[in-house]
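Me: I would like to learn how to read a structure like this one, feature by feature. Could you take me through it?

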Amino acid sequence: MAASVASVLPSAAIAYGHYLSFMVCFGALVLERRLIRADPNRADATLMVITDVVYGIAALGLLLSGIGRVLHFGQGSAFYTENPLFWWKVGVYLAVGGLSLYPTITYILWAIPLRKGELPKVSEALAQRLRWILNIELVGFATIPLMATLMARGVGLPG
Ligand code: HEM
C-alpha cells in the first residue's frame, strides 16, 4: 500500500503544481483587473508590477507542469497530442500568453519611473485598454479547464 502511494506521489505533485499555478495565474489577473486605473498611486503601481511578475512565474509553472503531464505523468503523450481539444487548450494558453505581452511590457516600463521615485503616467484610454485585455485573458483562462476536463476523459479523440 505504502509503495503504491509513493509511486503516485510524483504525478500527484505535478498535477497539484498544475492546479496551483492555474490558481495563482487567475488570482493575479483578478488582482490586476481590480487595481488598474488611470494615474495609479505609488503603492498600486508597485503592486501591479509585482503581481505581473508573480503571474509570469506562475504561467511558466503552468506550462512546465503541463508539459510534464504530457510527457511523463499523464495518460501517455499520444492520448493528448492526438486530441484536437488538447491543441485548442494549448492554443488558448498561447493566445492568452501573447495577449499578456502588452500589459507586461506596459508594467515593466512603469518600473523605470517608480525606481526614480516618480509615478508612471497612465491615461484613461490606456487603463481602459488594459481592462479589456485583462477581461479577455480572464475569459480565456476560464475556458481552458473545461477543455482540460473533457480532454482528460478522452472527449475529442478521433475514432
Ligand atoms: C500549454 C499548457 C498546458 C499543457 C501542456 C497542459 C497539459 C495538461 C495535461 C497533460 C493534463 C492531464 C490530463 C489528464 O489527467 O489526463 C492537464 C490537466 C489539466 N489542466 Fe492543463 N495544460 C496546460 C495548460 C493549462 C492551463 C492554462 C489550465 C488552466 C487555465 C489548465 C488546466 C488543467 C486542468 C483543470 C486539468 C485537469 C483536468 C482533469 O483532470 O479533469 N491547463 N493539463
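**Reading helices, a metal site and a surface patch**

Reply: Bear in mind that this is a predicted model. A helix can be checked by its length: the 29 residues of helix α6 (residues 124-152), at 1.5 Å a residue, should span 42 Å, and the end C-alpha atoms are 43 Å apart, which agrees. Just after α6, Gly 154 takes a positive phi of about 85°.

Me: Which residues coordinate the iron atom of the ligand?

Reply: His 18, through NE2, and Lys 89, through NZ, coordinate the iron atom of the ligand at 1.8 to 2.0 Å. Because His 18 lies in helix α1 and Lys 89 in helix α4 (residues 84-99), the pair ties together parts that are 71 residues apart in sequence. Both of these residues, His 18 and Lys 89, are buried.

Me: Which residues make the nonpolar surface patch?

Reply: Tyr 16, Tyr 19, Leu 20, Met 23, Val 24, Ile 50 and Val 54 make a nonpolar surface patch of about 650 Å². Helices α1 (2-35) and α2 (42-73) each supply at least two of its residues, and α1 gives the most, with five.

Me: How does Leu 20 count in terms of accessibility?

Reply: Leu 20, which has its place in helix α1, counts as partly exposed because its relative accessibility is 35%, and partly exposed lies between under 20% for buried and over 50% for exposed.

Conventions: Residues numbered from 1 in each chain as written. Predicted model: local features only at pLDDT ≥ 70, side-chain atom pairs only at ≥ 80, totals over all residues. Heavy atoms only, no water. Patch = residues over 30% accessible without salt bridge, like charges linked within 9 Å, V, L, I, M, F, W, Y side chains within 5 Å. Areas by Shrake-Rupley, 256 points an atom, 1.4 Å probe, with all protein chains shown as cover. Salt bridge = Lys/Arg side-chain N within 4 Å of Asp/Glu carboxyl O. Helix = DSSP H or I, 4+ residues; strand = E, 2+ residues; numbered from the N terminus. Buried < 20%, exposed > 50% of the residue type's maximum accessible area, 1.4 Å probe, protein only. Donors = N, O, S within 2.8 Å, 3.2 Å for Na, K, Ca; no water. Expected span 1.5 Å × (residues − 1).
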